[in-house]
Amino acid sequence: MPTCNKILLLAALLLTQAVTAATGAEQQTKKPAEKYAPASVKMDVKKVSDHVYYVEGTAGIATDNEGFISNASFIVTGDGVVIFDALGTPSLAHKLVQKIAEITDQPIKKVIVSHYHADHIYGLQVFEELGAEIIAPYGAQKYIQSDAARERLEERQFSLDPWVNENTHLVLPDTTVEKSYQFKMGELTFTLNFMGKAHSDGDMTLLVEPDKVLFSGDIIFRERIPFVGSADSRKWLETLTRLETSGLTALVPGHGPASTDPRNTISLTRRYLAYLRKVMGAGVEEFTPFDEVYANADWSEFKDLPAFAEGNRINAYQVYLSMEAELLEQ
Ligand SMILES: [Zn+2]
């Protein structure tokens, strides 16, 4: 190695060590209260039924509103609190814990995660610290070990700083669910249904009885364009078709307000996915380039919904690509 390069390398090493030392010193002097940068975003607790409450994320993109874009719910059983979904930053989860404390002094015993996407899991470490059992759908471990998970966290440490920072880490579940699973707490019965690959690589719903409230996670978006991401739109549609909604008093979606008319609420996500598959599928079969298919499609039914501008084109492109792949599979 030429001397010049050696000097540069040495300088870089020294600089890295200096930065590491500085960060270490900074961490040591941090007071515990500042561990989670305070979330200033508004978070109102809404009551859904006798035992069920939720907070509703806003309709913006992931990096808006301090990352508060997804819903989280909690169920007060009389023998402890169960949480459904953990929000998109530790700061938001910390705020949720404070909100729960205003309603009950029962401990948080379990956290159920609908799926392992950033906006639903970055708060998990707060509940883990409180000693809660983390329950997640099968596929969570695979996600945590993936490059996609690492890259997303790095991106959020940048785009959601200081609420997602170098202290934020992914949390492995204590329990993973692969098929229906029931447990009781207090007077309530919790039924977890593993739905398989739909919106994500593994989605799970929760039914709480006797309240008869269903928590759908991101299988259902209400009053906004769904995020398709890496979803399998074919299986997602099938899942929506077999989702049992009869007798429910309320449905809490992954995004958007809770609904007392579940059948009607499911309709938007179903119609949107079906429309994407119809239009993109026709384009794929005729070998029409994506840009042309997209430009010629009639989006009037969905164009006024929140998140259309941010999400529709990329959703459509994802469905176009996946339907090309489906065509090759045939
Ligand atoms: Zn989500």
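This is a predicted model: local features need pLDDT of at least 70, side-chain atom pairs count only at pLDDT 80 or more; totals for chains, interfaces and linings use all residues.
The face of helix 7 turned away from its buried side carries two exposed residues, Thr241 and Arg242.

**Helix 7**

Helix 7 spans residues 233-242. Its buried residues are Ser233, Trp236, Thr239 and Leu240. They sit on the same side of helix 7, because they cover an arc of only 115° around the axis.

**Aspartate 298**

Now turn to a loop. Aspartate 298 is found between helix 9 (290-296) and helix 10. Is aspartate 298 buried or exposed? It counts as exposed, because it has 9 C-beta neighbours inside 10 Å, and the cut-off for exposed is 12 or fewer. Tyrosine 275 is 23 residues away from aspartate 298 in sequence. In space, the two lie 9.9 Å apart, C-alpha to C-alpha.

**The whole chain**

Step back to the protein chain. It has 330 residues, and 42% of them are buried. Its secondary structure comprises ten helices and twelve strands. Contacts can also be sorted by sequence separation. Among contacts with a separation of 6 or more, 66% join residues 24 or more positions apart.

Note on methods. Residues are numbered from 1 along each chain as its sequence is written. A residue is buried if 20 or more other C-beta atoms lie within 10 Å of its own, exposed if 12 or fewer, and partly exposed in between; C-beta atoms are placed from the backbone. Helices (H or I, at least four residues) and strands (E, at least two) are DSSP runs, numbered from the N terminus. The arc is that of the directions from the helix axis to the C-beta atoms. Two residues are in contact if their C-beta atoms, placed from the backbone, lie within 7 Å.
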